[in-house]
Amino acid sequence: MSDGELAIPFRQRAGSALKDAFLQEALTIATTKFIDLRREAFEDFPEGEALRDRARAIKEATRQRLDHYLEALIANIERLGGHVHYAKTSEEARAIVVDIARRTGARMAVKSKSMATEEIHLNEALEHAGITPVETDLGEYIIQLAHERPSHIIAPAIHKTKGQVADLFGREFKRRVEADPEVLTKIARDELREKFLQADLGITGANFAVADTGTVVLVTNEGNGRMVTSLPRVHVAVMGVEKVVPSLTDLMVFLAILAKSATGQKLSVYTTLVRGPRRAEELEGPDEFHLVLLDNGRIAQLGGPLREALSCLRCGACLNVCPVYQQIGGHAYGYTYPGPIGILLTAMLEGPRSVRDLAHASSLCGACADACPVRIDIPRMLIALRREVDEKKIAPWVERVAFTLLARLLTRPALYRLAARSGRVLQRPFASEGTISRLPVFLNDWTRTRDLPAVAARTFQERWAAEQGRTQ
Amino acid sequence: MTGRGRASLMVTCLADLFFPEVGMAIVRLLRRLGVVVDVPPSQTCCGLPLFNSGYHAEAAAVARRTVALFKDSEHVVVPSGSCAWMIKHEYPGLLTETGLAREARDVAARTHEFSQFLVRVLGVTEFTSAVPGRVTYHDSCHLLRGLHESQSPRTLLDSLRGAEFVALPGADECCGFGGSFAVRLPEVSSQILAKKLANVEATGAGCLVACDAGCLMQMSGGLKRRKARMRALHLAELLDGSRP
């Protein structure tokens, strides 16, 4: 999202999303479907719970010795004839990819779906350097045509209905297009076929990289990932440093739960294992292979309060079950990664100031932590972020004063009782039959849509004290 | 019936100020079951609103008071899953480096959400409904996912005489309350509530039951605004009509 859009307060961005009828329709259909599919997948898979624990433990242990596993990964990829680059920032990562493109004389790059390249805003940088990026995942292709950003980690165009996609294709290709997913897919396929053959550069993300074999792993469904990694002369994979796993045995644990959590599939349609560039005896594959290891704030969090978020597999399950995401979709969050996990990743990548309001974009219902394949305790870290936002005085001062006063009230029973009595007096103009339907100014934030119970004529403790007085 | 021991009621701020009838219902119910009930004086709140908004030093000060009030209680009974979760889950951590660390752990171990106290401590499950007809149940998030309790309230409702318990589609989905969330993002909170109430209305129940004053404030507020005939009640109010 542009800085201009981020200047609009989060509450207002969310409010606009609530009023977008197309978005509401698309979100309801998609999140309901994903939730059902995930539930069914795990119902048929009794060993799933133990594998989730195992996956969580592997991520934790890998994080403890991340330097060791990264060194092994680098050594193994170089042994296979590949190149590994380390990017401390988004800017460095963009420069590395653009350099590779320039050096190899690339004019067009085909891409498979990658959140890491979204994170570093790679497409803009490529365009700026005169290289045309072409997204080849259907959802990414749609939003590239629409000049938008993904609104979901695995389903980037989840916010669009098929009718909207048909209109978009109709405008783009200047023909009448039926709102039928099969027709739409066929059109994209025809358009993309030529691009795959023309492109000099293939750019992917990576779901995992296996340290002891130097294997980069892509989990995809459309086959485009295979085309991107095998047809162009050069393949560049961009991957967050936390995605390394020690061994192929560990990889199997993640593969067993990733697709089930994401789309409810037992496995994704394609699991692509890439080991360096094409070898002499091989018929296909790139002449050059590069892995860009992206830090961008991750290393600094290895020992930080958000480190658990580095276990994220980017499956999107926490988005689907989040009551806030279900209502507002991904764009309203304003950053690359939406939803509950996205708030944590945004804080990691952009700093605590960026999540002043987002840290509160959760009812802390815990559905995210329950759905997370590696059981990331997202609510706990959201609370930790709120604390950081308060303690660094990023939170509005009015709020900080209000909570300080509340704390006084709750530690001094005489003040608490006084507040109850004052409430009863102050509510008189607004209360009727124990209910308040309308309150002035900001207090109206509750009563605009909901009644509020009035402070009781006698609180429980007043009634109890009266009863005890009578019996003594 | 006698000899069921003693229990201290932690009434919680929301029940004290807005739903005193919930506290009264619990007292009557427990007494009928032979429990000697006391209410330690000068209670305020468990501190969850401060904790959830990130004011942890302030929440710890509230926790210290609560632990001191209940440190000699045999059992602490709490009408809200969220407050029970706060005491059981967060107090020990908040008070680790204070002189009250041990007491905090002890109080946490002896604290029970109301339905859990009936079913898991007292072992009583047979009640008669205060309200006839169909009733349905909403899982409060902290009771369900914080305390991992979905069964106790359902056990009580399943064996309830004089009422028919029907399942609520999406019972485990949040009602949109979330404490300060409800007023920080009132539009989002209200739309989450609308989805919840649509599910509730589809059950055809005349009474919606929950075990958390926060959810009840949100859902009854929505029902009243819609002029719905359905009532939202705390489980204790529903069970209070009975003679076990």
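How far apart do the C-alpha centres of domain 1 of chain B and domain 2 of chain B lie? In this predicted model, the separation is 22 Å. The domain assignment places domain 1 of chain B at residues 6-119 and domain 2 of chain B at residues 125-239. Their contact draws 28 residues from domain 1 and 24 residues from domain 2.

On the domain 1 side of this contact, five elements of chain B give two or more residues: α1 (13-17), α2 (20-32), α3 (48-52), α5 (81-94) and α7 (114-122). The largest share comes from α5(B), with 6 residues. By residue class, the domain 1 side that touches domain 2 comprises 16 nonpolar, 9 polar and 3 charged residues.

Helix α5(B) also packs against helix α6(B), residues 101-109. Two packed helices are described by the angle between their axes and the distance between the axes. Here the axes come within 8 Å and cross at roughly 170 degrees. Angles over 145 degrees count as roughly antiparallel, so α5(B) is roughly antiparallel to α6(B). From α5(B), the contact uses B:I87, B:K88, B:Y91 and B:P92. These meet B:A104, B:R105, B:V107 and B:A108 of α6(B). The residues of this helix pair contact divide into 6 nonpolar and 2 charged, with no polar residues.

Chain B also touches chain A. That contact takes 47 residues from chain A and 51 residues from chain B. The side of chain A that touches chain B holds 25 nonpolar, 11 polar and 11 charged residues.

Key. Residues are numbered from 1 along each chain as its sequence is written. Chains are lettered from A and ligands numbered from 1 in the order in which they are written. This is a predicted model: local features need pLDDT of at least 70, side-chain atom pairs count only at pLDDT 80 or more; totals for chains, interfaces and linings use all residues. Two residues are in contact if their C-beta atoms, placed from the backbone, lie within 7 Å. Ala, Val, Leu, Ile, Met, Phe, Trp, Tyr, Cys and Pro count as nonpolar, Asp, Glu, Lys and Arg as charged, and the others, Gly among them, as polar. Domain bounds come from an automatic or database domain assignment. Helices (H or I, at least four residues) and strands (E, at least two) are DSSP runs, numbered from the N terminus. Axes are lines fitted to C-alpha atoms, for helices over the stretch in contact, and angles run from 0 to 180 degrees between N-to-C directions. Angles under 35 degrees count as roughly parallel, over 145 as roughly antiparallel, 65 to 115 as roughly perpendicular and the rest as oblique.
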